[in-house]
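Welcome, and thanks for taking a look at this one. Below is a short briefing to read alongside the coordinates.

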Amino acid sequence: MRLFLAAVAVVVAGGVYMSEAGRFHANEPALSAAGAAQLQPALDDEGAMPEIGNARPMPAANDKEHFMPQPTVWLNSAPLNTASLRGKVVVVDFWTYSCINSLRNMPYLQAWADKYKAAGLVVIGVHTPEFSFETLRPNVERAIKDYSVTYPVAIDSNYRIWQAFNNEYWPADYFIDAKGRIRYHHFGEGDYLQSERVIQELLAQNGATGVSEGALHVSAKGIEAPAGDDEASPETYVGLRRAERFVSPERPTQDTTRTYTPPAKLALNQWGLGGPWNIGLESGVLQTAPGVIVYRFHSRDLHFVLGPTKSGKPVRFKVSLDGAAPGGDHGVDTAADGTGEVREPRLYQLIRQKGPIKDRTFQIEFLDPGVHAYVFTFG
């Protein structure tokens with residue numbers, strides 16, 4: 001499980017789009033009374049649910065001035081507010097569509113929304129962006145369509161709801177009872193059985209009957225599949241706001257075009273650039289093709305948040321592992337020969353290793369200029 005703290009500026013990693021939609025199937029084994037008791041966490045009173053329905057824009061704060069203030073927009077629902085939700089059990093999920101951890105959380109939220117809707121559960125996704133491209137409504141709309149999200153989603157590009165909850169993480173789930181009190185929270189992926197038991201208990205307290213005490217079995221594929229169990233590489237940003245472990249010989253200079261040389265040798269989790277790049281706080285932009293990025297990693301999956309040219313023109317690329325085409329280790333966004341295209345700003349799954357996990361050297365070569373490179377994430 002990985003958590004992403006956003007106490008300063010922007011934080012986290014992630015992506016959009018899913019080539020294979022996550023699918024879930026009800027699987028409700030009987031639980032003994034003792035087993036159920038062990039799974040049931042304490043439900044404390046953590047305070048009143050903040051107002052989520054105020055549509056007035058707020059000034060940008062701290063280091064988020066690139067997120068333009070705007071009214072709250074609701075997708076998949078008429079505008080909601082705290083008063084209209086009274087009498088319902090509510091799960092509020094903070095997410096952003098370029099965050100791999102958020103994406104792995106979503107199949108469970110959708111499954112709970114479907115299973116417990118008739119019993120009085122409302123699942124709400126609050127989309128609070130990390131990168132500037134995630135503030136754009138069409139991008140969020142495409143993401144919820146690609147991931148088959150049907151529950152209400154609030155576009156929180158001005159961080160108003162995030163700040164009202166004093167939230168610091170993607171993903172973060174808050175569980176609210178029918179009286180409007182926050183009774184439980186969970187940060188990051190995992191502990192889904194425990195979270196579902198909280199939902200069942202809050203529904204029971206609200207008088208719901210006939211709610212199964214069994215747990216859903218959720219099966220997700222593609223990008224949304226659970227993380228592997230052998231991961232030794234951290235999220236790694238290209239933008240200078242959070243760039244670390246960069247080892248090309250040339251020193252990066254903000255917002256200045258500079259030609260970089262790929263390092264001759266990489267230790268684990270080191271990376272470098274090749275070709276003319278302009279590196280800003282948020283991303284690096286290739287000025288003329290070709291250009292490369294290399295990374296020495298240890299993980300089943302390698303993802304990269306990428307965006308096309310400023311005009312939206314696709315950017316062709318080719319990836320390799322240890323100098324060869326990935327073959328069967330290609331991700332959902334690459335072919336076996338390593339080729340692919342960046343067509344929209346999102347998270348791209350470039351590598352999914354099928355065999356034993358070991359240190360590998362990854363390279364991506366961009367065959368067209370203008371690509372925006374944001375962050376590597378693993379899993």
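pLDDT is the predictor's confidence in each residue, on a scale from 0 to 100. You will want that scale in mind here, since this is a predicted model. The chain has a mean pLDDT of 87, and 85% of its residues reach 70 or more.

**Confidence along the chain**

- Over residues 55-61 the pLDDT is below 50, and the model gives this stretch 17 contacts beyond near neighbours in sequence.
- Residues 63-67 also have a pLDDT under 50, and the model has 18 contacts for them beyond four places in sequence.

**The largest pocket**

- Rolling a probe the size of a water molecule over the atoms shows where empty space is left.
- The largest pocket holds about 390 Å³ of space.
- It is lined by 21 residues, and those closest to its centre are Ser283, Pro308, Lys310, His372 and Tyr374.
- Two strands, β13 (271-279) and β21 (372-378), each supply at least two residues of this lining.

- Val285 is found in strand β14, which covers residues 284-286.
- Is Val285 buried or exposed? Val285 has a relative accessible area of 18%, and because buried means under 20%, Val285 counts as buried.
- Leaving aside neighbours within four places in sequence, Val285 is in contact with Pro276, Trp277, Asn278, Gly370, Val371 and His372.

- Ser98 sits in the loop between β4 (89-95) and α2 (100-116).
- The relative accessibility of Ser98 is 0%, so this residue counts as buried.
- Which side chain does the side chain of Ser98 meet in a polar contact? The partner is the side chain of Glu134, at 2.7 Å.

**Helix α5 and the residues around it**

- Helix α5 has 14 residues, 192-205. From its first C-alpha to its last it reaches 20 Å, close to the 20 Å expected at 1.5 Å a residue.
- The buried residues of α5 include Tyr192, Arg197, Ile199, Leu202 and Leu203. Ser195, Glu196, Val198 and Gln200 are buried in α5 as well.
- Asp191 is in the loop between β9 (182-187) and α5. Its relative accessible area is 46%, so Asp191 is partly exposed.
- Following α5 comes Gly207, with a positive phi near 90°.

**Backbone geometry to check**

- As background, most residues other than glycine have a negative phi, and most peptide bonds are trans.
- Asp191 has a positive phi, near 55°, and is not a glycine.
- Asp255 also has a phi near 55°, again positive in a residue other than glycine. Asp255 lies in the loop between β11 (236-237) and β12 (257-260).
- The peptide bond from Trp170 to Pro171 is cis, with omega near -15°. Pro171 belongs to the loop between β7 (169-170) and β8 (172-176).
- Ala289 and Pro290 are joined by a cis peptide bond too, with omega about 0°. Here Pro290 lies in the loop between β14 and β15 (291-297).

Definitions and conventions. Residues are numbered from 1 along each chain as its sequence is written. This is a predicted model: local features need pLDDT of at least 70, side-chain atom pairs count only at pLDDT 80 or more; totals for chains, interfaces and linings use all residues. Side-chain values use heavy atoms; hydrogens and water are left out. Helices (H or I, at least four residues) and strands (E, at least two) are DSSP runs, numbered from the N terminus. Buried means under 20% relative accessible area, exposed over 50%, partly exposed in between (1.4 Å probe, protein chains only). Contact means heavy atoms within 4.5 Å. A polar contact is a pair of N or O atoms within 3.5 Å; within protein, one must be able to donate a hydrogen and the other to accept it, and residues adjacent in sequence count only if both atoms are side-chain atoms. The expected span of a helix is 1.5 Å times one less than its number of residues. On a 1 Å grid over the protein atoms alone, a cavity is a set of points where a 1.4 Å probe fits but cannot get out, and a pocket is an open set with protein on both sides within 12 Å along at least five of seven lines; lining residues have an atom within 4 Å of a point. Grid points are joined across faces, edges and corners, and a volume is the space filled by probe spheres set on the points.
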